[in-house]
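Here is a short briefing on one strand and its neighbours, and on nonpolar packing. Please view the structure alongside the text.

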Amino acid sequence: MEICTLITDNGSYRPESTLSLRALAKALGHRVEKEIHPVSLLHSTKIPPEKLGGVPAQIFEPFIKKRREEGINDFLVVPMFFGPSAAIKEYIPQRVTELKANGWSELSVRVAPSVVEPLDEKDQRMASILVEHIREEKARHAMKSASVAIVDHGAPRIAVTKVRNFLAKQVRQLLPEGEFPCVEPCSMERRDGDEYAFNEPLLENLLGSDGFCNDTIVSMLFASPGRHAGPGGDVAEICHEAAEKSPGIRTFMTDLVASHPGLIEILAERFEQGLASNPVEWTEP
């Protein structure tokens with residue numbers, strides 16, 4: 001059985017994001033000795049191909065349909081998502097189920113686990129990547145001590161936020177308290193409504209708050225650069241606005257997760273777990 005393997009993210013209108021996904025696909029493919037296709041779920045086909053070295057970006061459903069024309073029915077998706085987001089728990093199963101219902105009954109799609117498994121307390125690999133980036137930033141600016149804000153996008157699913165909080169707990173355990181007196185998780189943004197309050201605190205409210213040092217290392221729980229995490233992106237703008245409101249505040253953003261080679265080892269393990277998993281099926285909640 002030939003299995004076509006994809007590494008997928010949510011997608012972006014920024015070329016840097018697609019180029020980063022391509023680099024991850026190449027590195028993971030080298031590690032597992034299989035071809036890995038970089039395929040976003042949505043959005044990325046809006047990027048002009050000339051900004052991607054002349055090679056157009058690919059998105060999930062058209063990519064799957066094209067492979068059908070080549071006689072391929074079996075797929076494995078390795079998600080570049082830190083937690084069990086709606087993209088991999090709802091969107092992919094829904095699209096697969098609809099494709100099967102519309103005449104492609106032989107379609108089989110497996111989805112590997114997300115990057116972080118919050119029930120595995122012993123697995124500190126992702127937290128260790130964040131810690132290494134935090135330490136590098138502290139050393140780069142010769143800070144004696146600094147607070148740490150571990151920021152993700154903010155999610156409509158509490159299961160994703162639990163992953164962020166789980167990582168923050170592990171990072172606290174790995175960092176010496178004297179050098180990093182306060183380590184807190186936060187969101188870049190959240191949806192309106194009390195039902196999404198689990199995303200709190202927001203980064204903009206955490207910076208300069210009681211107990212936080214004037215020097216804050218913003219630990220970026222983002223894989224790749226884009227509208228949110230890239231240069232001049234939303235997180236950078238939040239940091240800039242905090243410094244304007246309170247001139248004593250200094251923020252230092254860490255490198256993004258995809259820049260760390262340790263991520264490939266985690267993805268390689270998820271690849272193997274995905275191969276051993278059952279094909280996805282969508283059932284109405």
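The model is predicted. Strand S7 spans residues 215-220 and is mostly covered.

**Strand S7**
- Six of the six residues in S7 are buried.
- Asp-215, Ile-217 and Ser-219 point one way from S7. Thr-216, Val-218 and Met-220 point the other way, and these residues too are buried.
- In a regular strand, side chains alternate between the two faces of the sheet.

**Partners of S7**
- Strand S5 (residues 147-152) pairs with S7 in the parallel sense, over five bridges. Here Ile-150 stands opposite Ser-219.
- Strand S8 (residues 250-253) also pairs with S7 in the parallel sense, over four bridges. Val-218 stands opposite Met-253 of S8.

**Nonpolar cores**
- The largest nonpolar core holds 44 residues. Ile-7, Met-80, Val-115, Met-126, Val-171, Leu-263 and Leu-267 touch the most other members.
- At least two residues of this core come from each of helix H1 (15-32), strand S3 (74-79), helix H4 (125-140), S5, helix H5 (158-174) and helix H8 (262-275).
- Leaving out residues up to four places away in sequence, Met-126 touches Phe-82, Val-115, Val-116, Leu-167, Val-257 and Ile-266.
- Another core, of 21 residues, lies apart from the largest one. Among its members are Ala-87, Ile-92, Val-96 and Leu-107.

Conventions:
Residues are numbered from 1 along each chain as its sequence is written. This is a predicted model: local features need pLDDT of at least 70, side-chain atom pairs count only at pLDDT 80 or more; totals for chains, interfaces and linings use all residues. Side-chain values use heavy atoms; hydrogens and water are left out. Buried means under 20% relative accessible area, exposed over 50%, partly exposed in between (1.4 Å probe, protein chains only). Two strands pair if DSSP finds at least two bridges between them. A nonpolar core is a set of buried Ala, Val, Leu, Ile, Met, Phe, Trp, Tyr and Cys residues joined through side-chain atoms within 4.5 Å. Contact means heavy atoms within 4.5 Å.
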